[in-house]
Amino acid sequence: GALVTYQDGKFDVAPVYGAGIDLTVVNTAVRTIDATVWPNTATLVKTLNINNTAAANLPGGRQVNTQLTLTAGNLNLAAAAQVLTLANNLTVRVVAGTLTLAGGSVVYGTGMNYIYAVNAAYNTGAELTPAATPINDLTFTRTNNVVNAATTINKSITVNGKLTIRNDVTIPVAPPTIVVTVNGNVEIINEVGTFSNAGIPVTNFNQSMVFGGSNNATITVPASTPPVNIGAITINKSDNTKTVTVVGGNLATGTITFVMGDIVTGNNILFIPAPTTGAVAGGATSQGFTGAGANSMVIGNVGKTLVNTGAIGTSTEARSVFPVGTGVVYRPVAVNFNPAFGVPTTPNMTIIATHKDENPGGVQALPIKDGVAPGIDVSRYPNFYWYIYTTPGSIGPTTQFDLELTAGNFTDYDSPSNVRIIRRHGAVGDINNDWLLQGSNNAYDNEVNSVTGF
């Protein structure tokens, strides 16, 4: 096929192209690409590269079959007859050019791939397929060795394949409502190895990115301190057995909406927002997540960083909930630092909590004499446990707090009032450390809930 570059003019007699052509448009004044240069043959143009300094218009309905590249300038569909058809499985590559609609329209193919290789801030436009026509793979990167620049996604989209983030991405604040759904894997990469001026991508997801689809997925992030913050996300897989697994390092988020499916952290930590004063006290929305339960939870480590400014109004809310469980049973943890005489007692530290559906091992210092009540000892524990620790230091012995454990589906007890919490210091494997009673044996407030269990 031929490489055709169009700036202006036309042929007296239209050429007969022997095969598909690669067409580059470089006009410097507003021009309509002449029909003698681009006749209306659907299979003719393999690649179209817009690299002009003034708008170009189509001569009528036309089709691009392999790749549309928006290098610079503008392709403007200025009349109803100007219909651009993007073939199935086509690749769209964007550097700085735009595709606009001023009367014309675009027919989007299925299974298209998008690469936003921008060197400066960019807003998506008519080139990007709407959510009703899912994308295959979507990549955000750069073309030149420049610092990060954000691409703002301005319409709802569905990505069935892989979302690769090598440069900054923004989902703007509503309105309008923008739903970005990813049914495949997500990978966030610092491409400093290729571009020395690159940094860890910033994902400003002001509206929630949805992890959907019927397959298990991964979100891969660079190991960094502080961890990558992906912004607001929603977990809405096809059923409650499907998972999104964090790979590569710790991950921070904005508010998480749990609907269906679980987040699996492995050895990594999922940091979610600490509860904020001004939201409903102790409510799910104020806890950095909403909707967690039997169908959707975290399997692994959840962290919250608490702040004490000395004033209740600007400190972390007293009660922090950690939405952990087994993947089948929801077993959250809540820690409550009650204010003393109007002064917050919340420590300035990070609390990490996880649930393990296995036996912790160890019998050191069991039974605990009179652990339940005088004459009733604590002598055993179930085949599951929670592991809770703080960083950078420990909570001092003078800082009082309430510890709430929801043991969903737990029934191995004679009476709810006789259940107690026992703990031991150190790591999980320190089985020679003493088991200790948590708090005072007469300070428990147990209940059985028909929804969550004990």
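Strand β27 (residues 243-247) is paired with β30 in the parallel sense over three bridges, strands being DSSP runs of E of at least two residues, numbered from the N terminus, and pairing requiring that DSSP finds at least two bridges between two strands. The structure is a predicted model, in which local features need pLDDT of at least 70 and side-chain atom pairs count only at pLDDT 80 or more, while totals for chains, interfaces and linings use all residues. Residues are numbered from 1 along each chain as its sequence is written, and side-chain values use heavy atoms, with hydrogens and water left out.

The protein chain has an average pLDDT of 93, and 97% of the residues score at least 70; pLDDT is the predictor's confidence in each residue, on a scale from 0 to 100. Over residues 279-285 the pLDDT falls below 50, and this stretch has 10 contacts in the model beyond near neighbours in sequence, a contact being heavy atoms within 4.5 Å. Where pLDDT is low, the predicted coordinates should not be read in detail.

A parallel pairing over five bridges links β30 to strand β32 (residues 298-305), with Leu270 opposite Val302 of β32. Strand β30 is mostly covered, seven of its 10 residues being buried; buried means under 20% relative accessible area, exposed over 50%, and partly exposed in between, for a 1.4 Å probe and protein chains only.

Asn268 is located in β30, which spans residues 262-271, and counts as buried at 16% relative accessibility. Its side chain reaches the backbone oxygen of Val246 at 3.1 Å, a polar contact being a pair of N or O atoms within 3.5 Å of which, within protein, one must be able to donate a hydrogen and the other to accept it, with residues adjacent in sequence counted only if both atoms are side-chain atoms. Not counting residues up to four places away in sequence, Asn268 touches Val246, Val247, Gly248, Gly249, Asn250 and Asn301.

An open sheet of three strands, with antiparallel pairing, has the order β33-β34-β39. Its edges are formed by β33 (319-322) and β39 (402-405), each with a single partner strand, so one side of each is left without a neighbour in the sheet. Neighbouring strands of this sheet are turned by 15° against each other on average, direction ignored; the axes are lines fitted to C-alpha atoms, and angles run from 0 to 180 degrees between N-to-C directions. Strands β33 and β34 (residues 333-336) run antiparallel and are joined by four bridges, with Val333 of β34 as the bridge partner of Phe322. Val321, in β33, is buried, with a relative accessible area of 9%. The C-alpha atoms of Val321 and Pro332 are separated by 6.9 Å, the two residues being 11 residues apart along the chain. Beyond four places in sequence, Val321 touches Gln287, Phe289, Lys304, Pro332, Val333 and Ala334.

A further open sheet of three strands has the order β6-β9-β12 and parallel pairing. Here β6 (62-64) and β12 (105-107) stand at the edges with a single partner strand each, so one side of each has no neighbour in the sheet. The twist from one strand to the next averages 25°. Three bridges join β6 to β9 (residues 83-86) in parallel, and Val64 has Leu86 of β9 as its bridge partner.

The largest nonpolar core has 89 residues, and those with the most contacts inside it are Leu23, Leu48 and Met209; such a core is a set of buried Ala, Val, Leu, Ile, Met, Phe, Trp, Tyr and Cys residues joined through side-chain atoms within 4.5 Å. Apart from it lies another core, of seven residues, including Leu366, Ile368, Val378 and Trp435. Leu48 touches Leu23, Val25, Trp38, Val64, Gln67, Leu68, Thr69 and Leu75, with residues up to four places away in sequence not counted.

Cis peptide bonds join Ala174 to Pro175, with omega about -5°, and Pro175 to Pro176, with omega about 0°. Pro175 is in the loop between β19 (169-171) and β20 (180-182). Asn89, although not a glycine, has a positive phi of about 70°; this residue is in the loop between β9 and β10 (91-94) and counts as exposed at 54% relative accessibility.
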